[in-house]
Amino acid sequence: MPSPEQVVQAQLDAYNARDLDALLATYTADACMYAYPATLVAQGHAAIRERMRLRFAEPDLHAELRRRVVLGEVVIDDEIVTRNFPEGRGTQAMTMIYRVADGRIVDASVIAGTPVLDER
């Protein structure tokens, strides 16, 4: 069985490849996504698929891992994510908190920083 760190890395790799099926394979069927600390934004594969389908449509989408902390079943990633916001291309600092059990992500919480638009 993969370690929590390996599961989260597979999820990050799928995210950057915009591979929706590979990304969903890292989550349990009833996994929850939260805006930190506890605002539910998606639950289950169908809701996660729709949320990520929209995100994967962004042509410049890419998450750069800056730091990772692994504490047992919890993996915390500090990332800079390049996105295509309605106002234009830019970056956003994100802290992702994943809880992994039995080789799958059970829940994921995001703390999102303020978007910073690229200079024109």
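Arg 53 is partly exposed because its relative accessibility is 43%. Buried means under 20% relative accessible area, exposed means over 50%, and partly exposed lies in between (1.4 Å probe, protein chains only). This is a predicted model: local features need pLDDT of at least 70, side-chain atom pairs count only at pLDDT 80 or more, and totals for chains, interfaces and linings use all residues. Residues are numbered from 1 along each chain as its sequence is written, and side-chain values use heavy atoms, with hydrogens and water left out.

Which residue meets Arg 53 in a salt bridge? The partner is Glu 50, at 2.6 Å from N to O. A salt bridge is a side-chain nitrogen of Lys or Arg within 4 Å of a carboxyl oxygen of Asp or Glu. Glu 50 is also partly exposed, at 37% relative accessibility. Helices (H or I, at least four residues) and strands (E, at least two) are DSSP runs, numbered from the N terminus.

## Salt bridges between other parts

The count comes to ten salt bridges. Asp 78 forms one with Arg 66, and their closest N and O atoms are 3.1 Å apart. Asp 78 lies in strand S4 and Arg 66 in strand S3 (residues 62–71), so this pair ties together parts twelve residues apart in sequence. Asp 78 is buried, with a relative accessible area of 11%. Arg 66 is partly exposed, at 43%.

Arg 89 and Asp 118 form another salt bridge, at 2.6 Å from N to O. Arg 89 lies in strand S5, and Asp 118 in the segment after strand S7 (116–117), so the pair ties together parts 29 residues apart in sequence. Arg 89 is partly exposed at 40% relative accessibility, and Asp 118 is partly exposed at 31%. Salt bridges that share partners also join Arg 55, Glu 58 and Arg 83 into one network.

## The nonpolar core

A nonpolar core is a set of buried Ala, Val, Leu, Ile, Met, Phe, Trp, Tyr and Cys residues joined through side-chain atoms within 4.5 Å. The largest has 26 residues. Tyr 15, Leu 23, Tyr 27, Ile 48, Met 52 and Tyr 98 touch the most other members. H1 gives the most to this core, with five residues.

Ile 48 sits in helix H3. It counts as buried because its relative accessibility is 0%. Contact means heavy atoms within 4.5 Å. Leaving aside neighbours within four places in sequence, Ile 48 is in contact with Leu 23, Leu 24, Tyr 27, Ala 31, Met 33 and Ala 42.

## The largest pocket

A pocket is found on a 1 Å grid over the protein atoms alone: it is an open set of points with protein on both sides within 12 Å along at least five of seven lines, and lining residues have an atom within 4 Å of a point. The largest pocket is lined by 19 residues. Met 33, Arg 55, Met 94, Met 96 and Val 110 lie nearest its centre. Strand S6 supplies the largest share of the lining, four residues.

Definitions and conventions. On a 1 Å grid over the protein atoms alone, a cavity is a set of points where a 1.4 Å probe fits but cannot get out, and a pocket is an open set with protein on both sides within 12 Å along at least five of seven lines; lining residues have an atom within 4 Å of a point.
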